[in-house]
Amino acid sequence: MHLLSVEHITKSYGEKLLFENVTFGVEDGDKIGIIGVNGTGKSTFLKVIAGLEPADSGTISIGNRVTVRMLAQDPAFAPGETTLEHVLGGDSPQLRAVRAYAAALEAIELKPGDEALQEQLIKANQRMDELDAWQLESDAKTALSKLGINDFEAKVETLSGGQRKRVAMAAALLLPSDILILDEPTNHIDNDSVAWLEGMLQKRRGALLMITHDRYFLDRVSNRVIELDKGQAHFYQANYSRFLELKLDREEREAASEAKRQNLLRNELAWIRRGAKARTTKQKARIDRFEALKADAPKQSGGKMDVSVASSRLGRKIVEIEAVTKRFGERTLIRDFSYIAVPEDRVGIVGRNGSGKSTLLKLITGQLTPDEGTVELGATVKLGWFSQEHEEMDQSLRVIEYIREGAEQVKTADGSIISAGQMLERFLFSPTMQWTPISKLSGGEKRRLQLLRVLMNAPNVLLLDEPTNDLDISTLTVLEDYLDDFPGVVFVVSHDRYFLDRTVDKIVAFEGDGVITHHTGNYTDYQEFVEKHGVAGSTAVSTAKPASAGKTAAATAGTETHASTAAKPAGRERALKMSYKEQKDYEQIDGWIADTEAELSAIAAQMEAASSDSVRLQELAAEQQQLEEKLEQLMDRWTELNELAEQIAAQK
């Protein structure tokens, strides 16, 4: 069933063209993901389709009786309404029936013997039956609970911005609509809520248009992708994984076409320069062809972001958290938590909203002090704090002024020195944009600017609090590549499962009531552990140990070992120590790994030189496989010995 037609719509802001001559249709069952670099106009694109903003030109046609609902990034609420009232406050017949029934019940409680009110209640009851509306209130409460809102009588105006967004999302999901439009629906909700929302949208009838940076979410929910790029819209009948393949094919075709155009242009230019005179029809046609080839140049690329920023050297002591407890009022967010960071740590911090994840980062930065325990940073530690909010950004400053507050120049990863303006260009802020007030940037552009400010200070310990909120997929990909080569330590709070899988190798999980557990692996590994063992923390080693246990984090980080071991009284534990062989291996294993890697490099060079000798290539391939297996065994041994060394250090 055809629901909506978009024909030749164009939209600009001043001299900036957002999108031009876009035409497509929406069918029942379409689940369309809108992607593009921050600042390309994705949110405006959805607002134009929803009728909230006019297009400069073009038309949007909606079918008869087709309802369109949009969840905006900044939803509006009526003064004084509760969370449940907002969700049940729609204009559908079912919701009107629910409200009429509730009003009749309330009235008859005040005047039990009033016959008119009793008749009104009977009619309201019948109307509920006719519309099958009895389940709506239960569904509303379920949606709110799944999105982390458990107080149904709380006034919406007293909630945080993220909580208000979740209340609005619950309402959008409950209200019937043929086309649902969502702008960054996964922002400000935790991993469990994202998984629930994913399932809801997969089963939902009707059509869906959404902007999201969550690549797993996009991959599992969408069946079409619209990419906004340099003012043009590109359409793909695909989910995110297939979109990547199709986009690569398109760009390869465009590159081949551009190479052909450039070759023709060179030939025509050579002919023009030989002094051709436009006196004949044929010569005039060649000059016209030359001009047409020049005019046919592809639109300039938006460029590629470069995050080649240097970091400071890091000493042996990094971050040591010892038996930390943090309370707010009667609520304990963190209970007896210990952790010792090791070089190149990549730690993902997960848990429900409000469980204390951001609090842990603030304890590390010193913005908060623990009620019990200590947090110590090494003398060489230089923190980089990428927070969730833009609160520390002076919105009146121009882009370049904000960056110059941090540094006039920056050292790049290759050792060269460039100016703040040049660094901004690498972060896709053109010379014109650099003099734009921060208040006029999109949410994603502000986040990208904030990230640049953090990295320009050359940190060696990065604290990333929901880094994926508002950043586009292209920027996230570049950030992930940067973290691959970042020599320091990273702590990241995130609900983005793809980002966690891509960047971390340890998970610190907030399990409730201040209990925190450690797990080796990325987020998917952690999920598999939870699914296998039930509630995480029931069989995993918890950090909720007596303070006398000492620095337990190093002994538990990256393990899901036996709870019975953790439960033994500290005084009866046998002191750990390395055997003679373990000590010798521990001293020499770094050298063995380096030697094996050097041998592998030599084999690769030999294989390249012997590319035409199939017999020799087979011999070298067999050697390469043996060396790779040897290296894998050495890395396993290295992990085992280093974990043992950390446990021994924790006893002291």
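The protein chain contains 21 helices and 20 strands, where helices (H or I, at least four residues) and strands (E, at least two) are DSSP runs numbered from the N terminus. This is a predicted model: local features need pLDDT of at least 70, side-chain atom pairs count only at pLDDT 80 or more, and totals for chains, interfaces and linings use all residues. Residues are numbered from 1 along each chain as its sequence is written, and side-chain values use heavy atoms, with hydrogens and water left out.

**The chain as a whole**

- Of the 652 residues in the protein chain, 45% are buried; buried means under 20% relative accessible area, exposed means over 50%, and partly exposed lies in between (1.4 Å probe, protein chains only).
- The accessible surface of the chain is about 32,900 Å², and 49% of that surface belongs to carbon and sulfur atoms. Such areas come from the Shrake-Rupley method with a 1.4 Å probe, and for residues only the protein chains shown count as cover.
- Among contacts with a separation of 6 or more, 68% are between residues 24 or more positions apart; a contact means heavy atoms within 4.5 Å.

- Strand 1 (residues 2–13) pairs with strand 2 (residues 16–27) in the antiparallel sense over eight bridges; two strands pair if DSSP finds at least two bridges between them.
- His2 has Glu27 in strand 2 as its bridge partner.
- Two residues lie between the strands of this hairpin, and Gly14 takes a positive phi near 60 degrees there.
- Strand 1 also pairs with strand 4 (residues 57–62), again antiparallel, over five bridges. In this pairing Thr10 stands opposite Ser57.
- In a regular strand the side chains alternate between the two faces of the sheet.

- Three strands form an open sheet in the order 11-10-13, and their pairing is antiparallel.
- Strand 11 (331–340) and strand 13 (372–377) are the edges; each has a single partner strand, so one side of each has no neighbour in the sheet.
- From one strand to the next, the twist averages 20 degrees. Axes are lines fitted to C-alpha atoms, for helices over the stretch in contact, and angles run from 0 to 180 degrees between N-to-C directions.
- Strand 10 (residues 319–328) is joined to strand 11 by six bridges, and Val324 stands opposite Phe337 in strand 11.
- Helix 11 (residues 357–365) packs on the sheet and touches strand 10, strand 11 and strand 13. The direction of helix 11 makes about 125 degrees with that of strand 10.

**Aromatic rings**

- There are nine aromatic pairs. Rings of Phe, Tyr and Trp (its six-membered ring) pair if their centres lie within 6.5 Å; planes under 30 degrees apart count as stacked, over 60 as edge-to-face and the rest as tilted.
- Tyr236 and Phe243 make an edge-to-face pair, 4.9 Å centre to centre with 85 degrees between the planes.
- Tyr236 counts as buried because its relative accessibility is 6%, and Phe243 counts as buried because its value is 2%.
- Tyr240 and Phe243 make a tilted pair, with centres 5.8 Å apart and planes at 35 degrees. Both residues lie in helix 9 (residues 240–273), three residues apart, about one turn of the helix. Tyr240 is buried, as is Phe243.
- Phe19, Phe24, Phe45 and Phe235 are linked into a cluster by ring pairs.

**Charges over rings**

- Arg447 lies over the face of Phe386, 4.3 Å from the ring centre. A charge sits over a ring if NZ of Lys or CZ of Arg is within 6 Å of the ring centre and within 35 degrees of the ring normal.
- The charged end of Arg448 sits over the ring of Phe429, at 5.1 Å from its centre.
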